[in-house]
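Subject: the structure I promised you

Hi,

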Amino acid sequence: MRTISTAIVGLAVSIGLAGSVEAQSARSDIEAALVTFTKAFNAKDAAGVAAHYTEDAAILPPDSRRVDGRDKIQQFWQGAIDGGGLILP
């Protein structure tokens, strides 16, 4: 019985550590994407910004209609850039 309990605890710890590694990897990926998104925006590259979205993505700008699809999202970001959008930190 003790062996089974030890095995279960070991398995739970292994799963927890694997989840932690996956979470850290996801965090690193998100942080890297944020850097390239910010660089594209600050370079006034709407296509580079839109490249971060899938073809069937949608965004929900505040106080505005939903924007569907990468092409329309690119147009949205181009409008923000042309309108003097703030430079991202």
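Let me start with a residue on the outside: Lys44 has a relative accessibility of 57%, and because the cut-off for exposed is over 50%, Lys44 counts as exposed. Lys44 sits in the loop between α1 and α2. Its backbone is worth a look too, as Lys44 is not a glycine and yet has a positive phi, near 60°. Please keep in mind throughout that this is a predicted model.

Asp63 lies in the loop between β1 (58–59) and β2 (67–68). This residue is not a glycine either, but its phi is positive, at about 55°. Asp63 is exposed, with a relative accessible area of 87%. A positive phi also turns up just after α3, where Gly84 has a value of about 80°.

One more loop residue, and then on to the overall picture. Asp56 is found in the loop between α2 and β1, and with a relative accessible area of 68% it is exposed. What is the C-alpha to C-alpha distance between Asp56 and Gly69? The answer is 4.8 Å, although 13 residues separate Asp56 and Gly69 in sequence.

The overall picture

The chain contains three helices and two strands, and from the N terminus the order is α-α-β-β-α. Of its 89 residues, 19% are buried. The chain exposes about 6800 Å², and 62% of that comes from carbon and sulfur atoms. If you take the contacts with a separation of 6 or more, 39% of them are between residues 24 or more positions apart.

The core

Which residues make up the largest nonpolar core? There are 12 in all: Phe37, Ala40, Phe41, Ala46, Val49, Tyr53, Ala57, Ile59, Val67, Ile73, Trp77 and Ile81. Helices α1 (2–42), α2 (46–50) and α3 each supply at least two residues of this core.

Once you set aside its neighbours within four places in sequence, Ile59 is in contact with Tyr53, Arg66, Val67, Ile73, Phe76 and Trp77.

Helix α3

Helix α3 covers residues 70–82, which is 13 residues. At 1.5 Å a residue it should span 18 Å, and its end C-alpha atoms are 18 Å apart, so the two agree. Which residues of α3 are buried? Ile73, Trp77 and Ile81 are. These three cover an arc of only 80° around the axis, so they lie on the same side of α3. The general rule behind this is that an α-helix has 3.6 residues a turn, so residues three or four places apart point the same way. Asp71, Gln75 and Asp82 are on the other side of α3, and they are exposed.

The aromatic residues

How many aromatic pairs does the structure hold? It holds three. One of them is Phe37 with Trp77, an edge-to-face pair with 5.4 Å centre to centre and 85° between the planes. This pair links distant parts of the chain, since Phe37 is in helix α1 and Trp77 is in helix α3, 40 residues apart. Both partners are under the 20% cut-off for buried: Phe37 counts as buried because its relative accessibility is 14%, and Trp77 counts as buried because its relative accessibility is 16%.

Trp77 also pairs with Phe41, again edge-to-face, at 5.7 Å centre to centre and with 85° between the planes. Here too distant parts of the chain are linked, with Phe41 in helix α1 and Trp77 in helix α3, 36 residues apart. Phe41 has a relative accessibility of 7%, so it counts as buried. Ring pairs join Phe37, Phe41, Phe76 and Trp77 into a cluster.

Cheers

How values were computed
Residues numbered from 1 in each chain as written. Predicted model: local features only at pLDDT ≥ 70, side-chain atom pairs only at ≥ 80, totals over all residues. Heavy atoms only, no water. Helix = DSSP H or I, 4+ residues; strand = E, 2+ residues; numbered from the N terminus. Buried < 20%, exposed > 50% of the residue type's maximum accessible area, 1.4 Å probe, protein only. Contact = heavy atoms within 4.5 Å. Areas by Shrake-Rupley, 256 points an atom, 1.4 Å probe, with all protein chains shown as cover. Expected span 1.5 Å × (residues − 1). Arc of directions from axis to C-beta. Core = buried A, V, L, I, M, F, W, Y, C linked by side-chain atoms within 4.5 Å. Phe/Tyr/Trp six-rings, centres within 6.5 Å; stacked < 30°, edge-to-face > 60°.
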